[in-house]
Amino acid sequence: MKFYDAHNHLQDDRFAGRQDEIIPAARAAGVAKMVMNGAYESDWPAVLDLARRHPDIVIPSFGFHPWYVGERSANWEKSLCGFLDAIPSAVGEIGLDRWKPDLPYDGQEEVFVAQLRIAAERNLPVSIHCLQAWGHLVEILEREPRPARGFLLHSFGGSTETMERLAPLGAYFSLPGYFAHERKSKQRETFLRVPPDRLLIETDAPDQLPPPALVTHALAGADGKPLNHPANLRAIYKFAADLFGEPLEQFTGRVENNFSRFFGRI
Ligand SMILES: [Zn+2]
């Protein structure tokens with residue numbers, strides 16, 4: 001069986017240069033493709049480098065995450081287009097965040113809309129982060145041009161009503177292993193209502209560590225803190241297949257079709 005990680009950050013510094021052991025471990029655990037999301041200008045070169053060195057498994061993605069938009073250079077948009085021109089790639093991680101304490105909202109919409117327009121013009125897959133800004137997000141997505149292939153709400157934690165407004169606009173929704181935690185029952189309920197052809201699975205590695213039962217590949221950073229290993233993906237698929245009440249093989253085939261439709265043909 002082949003497993004597809006719709007969203008991770010394998011270039012992250014917390015992996016401390018161990019990517020060249022982590023990627024083969026993920027491959028050995030059945031991971032066929034992973035979408036590696038840049039989050040700010042200075043990590044885009046690492047995404048490009050890993051994608052060039054592991055072209056069979058890495059789908060690179062370049063974008064400005066809302067947590068870092070305050071650090072953008074005057075040339076950020078030109079630089080982003082340069083990376084998108086350098087290699088077949090997706091756009092992300094981009095988004096809106098009114099949850100993170102002390103994070104200014106100023107500038108987030110401007111940077112988000114600029115990147116959404118780039119993705120729409122080029123019809124590229126785009127990975128969107130949204131926390132506590134659902135009204136703003138829906139309003140922008142209804143108003144602005146969107147990629148014809150659709151767009152991805154990664155680690156979707158919005159309400160069922162929001163999901164039902166976004167799906168007709170072309171949204172895909174990716175489920176992280178983190179939602180296997182007991183307290184995430186509301187999020188699991190919403191995922192059970194996602195249209196079958198719009199579901200994807202993600203690790204968000206090194207973040208969003210699943211509950212211990214799903215951690216098949218333990219990993220710690222230099223500071224000793226546990227990290228989510230992308231090879232935990234198979235266990236996350238198993239959790240998701242059980243949640244949907246589908247045999248793993250059938251479920252895996254469904255997610256593969258969705259992944260290929262959305263991320264294929266970049
Ligand atoms: Zn992410």
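1. Strand 4 and strand 5 pair in the parallel sense, over five bridges. Pairing here takes at least two DSSP bridges between the strands; strands are DSSP runs of E, at least two residues long, helices are runs of H or I, at least four long, and both are numbered from the N terminus. Across this pair, Leu96 sits opposite Cys130 in strand 5. Strand 5 is mostly covered, with five of its six residues buried. Buried calls for 20 or more other C-beta atoms within 10 Å of the residue's own, exposed for 12 or fewer, and partly exposed is whatever falls in between, with C-beta atoms placed from the backbone.

2. A word on the model before going further. It is a predicted one, so local features need pLDDT of at least 70 and side-chain atom pairs count only at pLDDT 80 or more, while totals for chains, interfaces and linings use all residues. Numbering starts from 1 along each chain, as its sequence is written.

3. Overall build: nine helices and eight strands. A compact globule of 266 residues would have a radius of gyration near 18 Å, and the protein's 17 Å agrees with that; the radius is taken over C-alpha atoms, and the rule is 2.2 Å times the number of residues to the power 0.38. Along the principal axes, the C-alpha atoms fill a box of roughly 45 × 40 × 40 Å. Buried residues come to 46% of the 266. Of the contacts with a separation of 6 or more, 76% are between residues 24 or more positions apart, a contact being two backbone-placed C-beta atoms within 7 Å.

4. The sheet is open, and its eight strands run in the order 1-2-3-4-5-6-7-8 with parallel pairing. Strand 1 (3–8) and strand 8 (199–202) are the edges; each has a single partner strand, so one side of each has no neighbour in the sheet. From one strand to the next the twist averages 25°, using axes fitted as lines to C-alpha atoms and angles from 0 to 180 degrees between N-to-C directions.

5. On to strands 6, 7 and 8. Strand 6 (residues 151–154) pairs with strand 7 (residues 171–176) in the parallel sense over four bridges, and Phe151 has Ala171 as its bridge partner in strand 7. Strand 7 also pairs with strand 8, again parallel and over four bridges, with Phe173 opposite Leu199 in strand 8. In a regular strand, side chains alternate between the two faces of the sheet. In strand 8, Leu199 and Ile201 point one way and Leu200 and Glu202 the other, yet all are buried.

6. Which residues touch the most other members of the largest nonpolar core? They are Met36, Val126, Leu152, Phe173, Leu200 and Ile201, out of 74 residues. Helix 8 gives the most to this core, with six residues. (Such a core is a set of buried Ala, Val, Leu, Ile, Met, Phe, Trp, Tyr and Cys residues joined through C-beta atoms within 7 Å.) Neighbours within four places in sequence aside, Phe173 contacts Leu153, Phe156, Met163, Phe191, Val194, Arg198, Leu199 and Leu200.

7. Helix 1 (residues 19–28) buries Gln19, Ile23 and Ala26. Viewed down the axis of helix 1, these fall within an arc of 60°, so they line one face; the arc is that of the directions from the helix axis to the C-beta atoms. They pack against strand 2 (31–37) and helix 2 (44–53). On the other side, Asp20, Glu21 and Ala28 are exposed. Gly30 follows helix 1, with a positive phi near 95°.

8. Another cis bond joins Ala205 and Pro206, with omega about 10°, and Pro206 is in the loop between strand 8 and helix 8 (233–244). That loop also holds Gln208, a residue other than glycine whose phi is positive, near 55°. Gln208 counts as buried, with 20 C-beta neighbours inside 10 Å. Asn123, not a glycine either, has a positive phi of about 50°. Asn123 sits in the loop between helix 4 (108–122) and strand 5 (126–131) and is partly exposed, with 14 other C-beta atoms within 10 Å.
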